[in-house]
Amino acid sequence: MAAAGLDRMRESVTYTNTVVGLHIGLEGDAATLGLEPANIWAHPGTDFDANLAAHRADFDAPFPFHFITFASAKDPTWNETFPNRSTIEMHALTDYRHFARWQGTRWMKRGADYETMKARVQERLLADLYRLVPATRGAVRYVEVSTPLTYETFVRQQYGDFLGVESSPQRYEQDWLRAHTPVPGLYLTGQDVTSDGIIGALFGGVLCASAVTGRDMVDEIRKAPAFAAHVS
């Protein structure tokens, strides 16, 4: 990596912010709870920069935004397999500095102060969920809290960066962020090869597969019968 200069190249990009999150199991189906297939994006105000600055300075300031998604409501077969159950995934933008004191600690061994912080996160996010989706109040049966340390531990995202490299003009000027690298046998995949999010990660995988196999996997997928039937 160092011999190829990739360590220096990393300094030319900025990484995204991180999040706290809830992974929620509920009693009741989507219709009963008012869960829609669409996602919810919620902000405490219209001045995003001010909201971000306030939260960076004070963890107790409102989270700069919430993202709520209802996976079970998007699955047409969900009720057949899991009747009277629903799931919600909820994330809120935060700043790693609020969690830096626990950097380097082990999972499940971070101490009482960390557990207290997680409890605060859970309380705040559930309050926002009940405000935005009132029918969920009283239906929550399971909650798991994630923090920047969660992403740092389980997906090796330094500082818990949720979406990898920032999607800025400078990022897209980097010609080294491609599936091919100067290191023989080393290929890049995922969202940092393309763009943020699930679709970017999926397409990054396709590009990496193309680089490894020497085949145009994008063209092969486009010509596949299942794909043609889906888009026709």
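Visitor: Is Met108 buried or exposed?

Guide: Met108 has a relative accessible area of 63%, so Met108 counts as exposed, the cut-off being over 50%. Bear in mind that this is a predicted model.

Visitor: Where does Met108 sit in the chain, and what is its phi?

Guide: Look in the loop between β4 and α6, where Met108 is found. Its phi is near 70°, a positive value in a residue other than glycine.

Visitor: And what is the phi of Asn84?

Guide: Asn84, which is not glycine either, has a positive phi near 60°. You will find Asn84 in the loop between α5 (78–81) and β4. Its relative accessibility is 40%, so Asn84 counts as partly exposed.

Visitor: Let's turn to the sheet. In which order do its strands lie?

Guide: The general idea comes first: strands of a sheet pair through backbone hydrogen bonds, either parallel or antiparallel. In this model, 5 strands make an open sheet with the order β2-β3-β4-β1-β5, and the pairing is antiparallel. At the edges are β2 (40–42) and β5 (140–146), each of which pairs on one side only. On average, neighbouring strands of this sheet are turned by 15° against each other, with direction ignored.

Visitor: How many bridges join β2 to β3, and which residues stand opposite each other there?

Guide: β2 and β3 (residues 66–69) run antiparallel and are joined by 3 bridges. Ala42 stands opposite His66 in β3, and Trp41 stands opposite Phe67 in β3.

Visitor: How many bridges does β3 share with β4?

Guide: β3 and β4 pair over 4 bridges, again in the antiparallel sense.

Visitor: Which way do the residues of β3 point?

Guide: His66 and Ile68 point one way from β3, while Phe67 and Thr69 point the other way. All of these residues are buried.

Visitor: Which strands does helix α6 lie across?

Guide: Helix α6 (residues 112–132) lies across β1 (18–27), β2, β3, β4 (85–94) and β5. Relative to β1, the helix runs at about 65°.

Visitor: Now for the pockets. What volume does the largest pocket have?

Guide: To get the idea, picture a probe: rolling one the size of a water molecule over the atoms shows where empty space is left. Here the largest pocket has a volume of about 1300 Å³. Its lining has 39 residues, with Gln157, Phe162, Leu163, Gly164 and Gln191 nearest its centre.

Visitor: Which elements supply the lining of the largest pocket, and which gives the most?

Guide: At least two residues of that lining come from each of α1 (6–9), β3, β4 and α9 (197–213). β4 gives the most, with 3 residues. Sorted by class, the lining of the largest pocket has 18 nonpolar, 13 polar and 8 charged residues.

Visitor: What about the second largest pocket: what is its volume, and which residues are closest to its centre?

Guide: Its volume is about 170 Å³. The second largest pocket is lined by 13 residues, and Trp107, Lys118, Glu144, Val145 and Thr150 are the closest to its centre. α6, β5 and α7 (148–154) each supply at least two residues of this lining.

Visitor: How do the lining residues of the second largest pocket divide by class?

Guide: They divide into 5 nonpolar, 3 polar and 5 charged residues.

Definitions and conventions. Residues are numbered from 1 along each chain as its sequence is written. This is a predicted model: local features need pLDDT of at least 70, side-chain atom pairs count only at pLDDT 80 or more; totals for chains, interfaces and linings use all residues. Side-chain values use heavy atoms; hydrogens and water are left out. Two strands pair if DSSP finds at least two bridges between them. Axes are lines fitted to C-alpha atoms, for helices over the stretch in contact, and angles run from 0 to 180 degrees between N-to-C directions. Contact means heavy atoms within 4.5 Å. Buried means under 20% relative accessible area, exposed over 50%, partly exposed in between (1.4 Å probe, protein chains only). On a 1 Å grid over the protein atoms alone, a cavity is a set of points where a 1.4 Å probe fits but cannot get out, and a pocket is an open set with protein on both sides within 12 Å along at least five of seven lines; lining residues have an atom within 4 Å of a point. Grid points are joined across faces, edges and corners, and a volume is the space filled by probe spheres set on the points. Ala, Val, Leu, Ile, Met, Phe, Trp, Tyr, Cys and Pro count as nonpolar, Asp, Glu, Lys and Arg as charged, and the others, Gly among them, as polar.
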